[in-house]
Amino acid sequence: MASIRVRQARDEDRAALTALHEREWGGPVVVVHDTRYDLRDLPALVAVDDGGAFAGALVYRVDTDGLEVVSLAASTPGAGAGSALLAAAEEAAAAAGADRIWLVTTNDNLGALRFYQRRGLRIVAVDAGAVDRARAVKTTIPHVGADGIPLHDELRLARHLPPAGDK
């Protein structure tokens, strides 16, 4: 398996980010927790392999609630990019003075739930009907998600970060 490096996104990453977000979300706009985000307007981390090839990206925002992972996607799932990106996001959170990392996924995304829980995030809230509300804003959100599961709800996952000196 190639080693993965993570860095802040650069202008030359724009085409790869656009292609990834088109593949994953149908474009740069996501609607989550009743908020519309344009991924192009938020900071991003990119993962690259040994040869410098684009391996994935994590888009985030930081506020008083901590660092929110707005989008995380790997070019090739299972190659380590997601884990490296999440670890780098935790470092970015700590550098920004945030004490937790959090995100939202959907009720059908069993792979994401497995991935995040294995990395210490816990389900902290369920917003029943949130995807139905989001669909009113972004009509391209499907009614049926992965594995034929009806797509209706958002699950919020979070993990408190250790204090800076406790790592």
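Is Ser71 buried or exposed? Select Ser71 first. Ser71 has 2% relative accessibility, so it counts as buried (under 20% relative accessible area; exposed is over 50%, partly exposed in between; 1.4 Å probe, protein chains only).

**Before going on**

This is a predicted model, so local features need pLDDT of at least 70 and side-chain atom pairs count only at pLDDT 80 or more, while totals for chains, interfaces and linings use all residues. Residues are numbered from 1 along each chain as its sequence is written, and side-chain values use heavy atoms, with hydrogens and water left out.

Colour by pLDDT (the predictor's confidence in each residue, from 0 to 100). The protein's mean is 93, and 96% of its residues reach 70 or more. Helices (H or I, at least four residues) and strands (E, at least two) are DSSP runs, numbered from the N terminus.

**Stop 1: around Ser71**

Show strand E6, residues 66-74, which holds Ser71.

**Stop 2: the largest pocket**

Select Glu24, Trp25, Leu72, Thr105 and Asn109. Of the 46 lining residues, these lie nearest the centre of the largest pocket. A pocket is an open set of points on a 1 Å grid over the protein atoms alone, where a 1.4 Å probe fits, with protein on both sides within 12 Å along at least five of seven lines; lining residues have an atom within 4 Å of a point. Its volume is about 1200 Å³ (the space filled by probe spheres set on the points, which are joined across faces, edges and corners). H1, E6 and helix H2 (81-95) are among the elements that each supply at least two lining residues.

**Stop 3: Asp34**

Move to the loop between E2 and strand E3 (35-38), where Asp34 lies. Asp34 is exposed because its relative accessible area is 52%. Show Asp127 and Arg133: Asp34 touches both, not counting residues up to four places away in sequence. The side chains of Asp34 and Arg133 are joined by a polar contact of 2.9 Å.

Methods
Contact means heavy atoms within 4.5 Å. A polar contact is a pair of N or O atoms within 3.5 Å; within protein, one must be able to donate a hydrogen and the other to accept it, and residues adjacent in sequence count only if both atoms are side-chain atoms.
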